[in-house]
Amino acid sequence: MKPVSALFAGLIFGLGLLISGMADPARVLAFLTPLQGWDPALAFVMGGALAVAVPLFALARRRGKALDGGILPDLPRHGVNRALVGGSILFGLGWGLAGICPGPGIVGLALHPMPALAFLVPMAIGLVLGQPRKERAAAKKIH
Amino acid sequence: MSIITPAIGPALIGGAMIGLVCGTMWLLHGRVAGIAGIARLALQGPDRVWRLWFLAGLILAGLIARLAWPHELAAGYASLGLVQLIVAGALVGTGTALANGCTSGHGICGLARLSARSLVAVVTFMAVAAITASLVAAVA
């Protein structure tokens, strides 16, 4: 991807997070507490995103390759494994604890730098150290 | 309690923007717009340059909101404690690296690719997050 396209893609993605309410940890926590004054609106973020993304992914699937001529990478061959479930449990614990997932954390850097950094520095360390060793080795082989 | 609230319109519009980026990056370039994956590979490589520019775009969106938006769109940061932020960040980073995806990677790109792995991931992290947030809210 060209730098300018990547910058533009990140900008639209980030504005989407802000407009939708996903960038506000208070709104996310209100969505994640169904028994304590539930705010269901954020369910519609995923709904709106999938309504647009599903047809575009289906079109790509039918073509069999990307429009720039590149390959569409295959899904990992291993199915549901312990790393996937265990990792998702850890992610759910962290997301439920503060109401911040990776995208909103990075957008938050511009709005609340100090609390965002307190979240992002340990997140970056976890991202680098957390990858399963086997997948790290496999990724090195591919590239 | 009604499920129809004024916040649904912006949620749908913002969601559609996110879905448009995910769908377009896949269709045009075969790239997965999952933020945890983009952040990890921006740190480790390969192909760091476009990923760093994508992350710069996210921060630019925050700057625009800070300068131009009439009201605060991330007010909830102010009520989070330091330890809470550090522990949450470590869990989110480690968990998404292990599971190879987050809310966008599994929740949007993975589901749109009809990946069974992503469906399991989304159900798991949504359920665990709801239980965790509810317990924290009950204690606080």
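**Close-up views of the predicted two-chain model**

**Figure 1. Leu97 of chain A and its surroundings.** A:Leu97 counts as buried because 23 C-beta neighbours lie inside 10 Å; a residue is buried if 20 or more other C-beta atoms lie within 10 Å of its own, exposed if 12 or fewer, and partly exposed in between, with C-beta atoms placed from the backbone. The model is predicted: local features need pLDDT of at least 70, side-chain atom pairs count only at pLDDT 80 or more, and totals for chains, interfaces and linings use all residues. Residues are numbered from 1 along each chain as its sequence is written, while chains are lettered from A and ligands numbered from 1 in the order in which they are written. Helix α4 (residues 82-98) of chain A holds A:Leu97; helices (H or I, at least four residues) and strands (E, at least two) are DSSP runs, numbered from the N terminus. Apart from neighbours within four places in sequence, the contacts of A:Leu97 are B:Gln84, B:Val87, B:Ala88, B:Leu91, B:Thr132 and B:Val136. Two residues are in contact if their C-beta atoms, placed from the backbone, lie within 7 Å. From A:Leu97 to A:Leu29 the C-alpha to C-alpha distance is 8.5 Å, across 68 residues of sequence.

**Figure 2. The side of chain B that touches chain A.** Contacts link 99 residues of chain B with 105 residues of chain A. At least two residues of this side of chain B come from each of α1 (8-29), α2 (35-44), α3 (48-68), α4 (82-99), α5 (105-112) and α6 (116-139). The largest share, 21 residues, is supplied by α1(B). By residue class, the side of chain B that touches chain A has 67 nonpolar, 27 polar and 5 charged residues. Here Ala, Val, Leu, Ile, Met, Phe, Trp, Tyr, Cys and Pro count as nonpolar, Asp, Glu, Lys and Arg as charged, and the others, Gly among them, as polar.

**Figure 3. Helix α6 of chain B.** The end C-alpha atoms of α6(B) are 35 Å apart, which agrees with the 34 Å that its 24 residues should span at 1.5 Å a residue; the expected span is 1.5 Å times one less than the number of residues. Buried residues of α6(B) include B:Arg117, B:Ser118, B:Phe125, B:Met126 and B:Thr132. The buried residues of this helix pack against α2 (25-31) and α4 of chain A, and also against α4 and α5 of chain B.

Figure 4. Most residues other than glycine have a negative phi, and most peptide bonds are trans. B:Gly45 and B:Pro46 are joined by a cis peptide bond, with omega about 0°; B:Pro46 lies in the loop between α2 and α3 of chain B. B:Asn100, not a glycine, has a positive phi of about 60° and sits in the loop between α4 and α5 of chain B. B:Asn100 is buried, since 26 other C-beta atoms lie within 10 Å. B:Leu114 also has a positive phi, near 60°, and belongs to the loop between α5 and α6 of chain B. With 13 other C-beta atoms within 10 Å, B:Leu114 is partly exposed.

**Figure 5. Chain A as a whole.** Chain A has 7 helices and 0 strands. Its C-alpha atoms fill a box of roughly 45 × 35 × 30 Å along the principal axes. Of its 143 residues, 52% count as buried.
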